[in-house]
Amino acid sequence: MLAERPLEQISVEDIADQAGVSRGLLFHYFASKQDFHVAIAKAQGEEMLRLTAPDETLDDPLAILWSSLSAFVDYVSEHRSAYTAFLRGASSTDPAMRAAAAALAASSSFLAWISSGVVAL
């Protein structure tokens, strides 16, 4: 569904129908639609970080950088709506969404790798 429309335009009913569960079951696991949105944003962000993590089995730092950047561009191209939702989360007025985006940024092994390389230079 995220490929078709932004997260904010997806109703709880749409989500429940797609998942083949009741609306009540969704609310058993998530206190609100916003909590569900935060969980989706976290899951998409974690997937992006996993797919774009530096491949340190490569010997050349430029090859590592190229591999991660290429994976990032591929992710954004293939998951445009999810990535847009993630960006919106970082600038959201909702504190939980901003906190989720900040936590993902802080856990980025790619950013840590870049920072360690810059310090080493």
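This is a predicted model: local features need pLDDT of at least 70, side-chain atom pairs count only at pLDDT 80 or more; totals for chains, interfaces and linings use all residues.
## Starting at Ala-16

Leaving aside neighbours within four places in sequence, Ala-16 is in contact with Val-21, Ser-22, Arg-23 and Leu-26, contact here meaning heavy atoms within 4.5 Å. Ala-16 sits in helix α1, residues 12-19; helices (H or I, at least four residues) and strands (E, at least two) are DSSP runs, numbered from the N terminus. At 3% relative accessibility, Ala-16 counts as buried. The cut-offs are these: buried is under 20% relative accessible area, exposed is over 50%, and partly exposed is in between, with a 1.4 Å probe and protein chains only.

Residues are numbered from 1 along each chain as its sequence is written, and side-chain values use heavy atoms, with hydrogens and water left out.

## The chain as a whole

The protein chain has 7 helices and 0 strands, so its pattern along the sequence reads simply α-α-α-α-α-α-α. Buried residues make up 30% of the 121 residues. Take the contacts between residues at least 6 apart in sequence: 53% of them join residues at least 24 apart.

## α3 against α6

Two packed helices are described by the angle between their axes and the distance between the axes. For helix α3 (residues 33-52) and helix α6 (residues 95-106), that comes to an angle of about 15 degrees, with the axes 10 Å apart. The axes are lines fitted to C-alpha atoms, for helices over the stretch in contact, and angles run from 0 to 180 degrees between N-to-C directions. The two helices are therefore roughly parallel to each other; that label goes to angles under 35 degrees, with over 145 being roughly antiparallel, 65 to 115 roughly perpendicular and the rest oblique.

On the α3 side, the residues involved are Gln-34, His-37, Val-38, Ala-41, Lys-42, Gly-45, Glu-46 and Leu-49, and they meet Ala-96, Met-97, Ala-100 and Leu-104 in α6. Sorted by class, that contact has 7 nonpolar, 3 polar and 2 charged residues. Ala, Val, Leu, Ile, Met, Phe, Trp, Tyr, Cys and Pro count as nonpolar, Asp, Glu, Lys and Arg as charged, and the others, Gly among them, as polar. Ala-99 is also found in helix α6, and at 45% relative accessibility it counts as partly exposed. Ala-99 and Val-38 are 61 residues apart in sequence, yet 9.4 Å apart in space, C-alpha to C-alpha.

## α3 against α4

Helix α3 also packs with helix α4 (residues 61-78), at an angle of about 145 degrees and with the axes 8 Å apart. This crossing is right-handed. Gln-44, Glu-47, Met-48, Leu-51 and Thr-52 of α3 make the contact with Ser-68, Ala-71, Phe-72 and Tyr-75 of α4. The class tally is 5 nonpolar, 3 polar and 1 charged.

## The aromatic pair

The structure holds 1 aromatic pair. Phe-30 and Phe-36 form it edge-to-face, 5.0 Å centre to centre with 80 degrees between the planes. Rings of Phe, Tyr and Trp (its six-membered ring) pair if their centres lie within 6.5 Å; planes under 30 degrees apart count as stacked, over 60 as edge-to-face and the rest as tilted.

Phe-30 lies in the loop between α2 (23-29) and α3. Phe-30 is partly exposed at 23% relative accessibility, whereas Phe-36 is buried at 13%. Beyond neighbours within four places in sequence, Phe-30 is in contact with Asp-35, Phe-36 and Ala-39.

How values were computed:
A crossing is left-handed if the near helix is turned anticlockwise from the far one by less than a right angle, and right-handed if clockwise.
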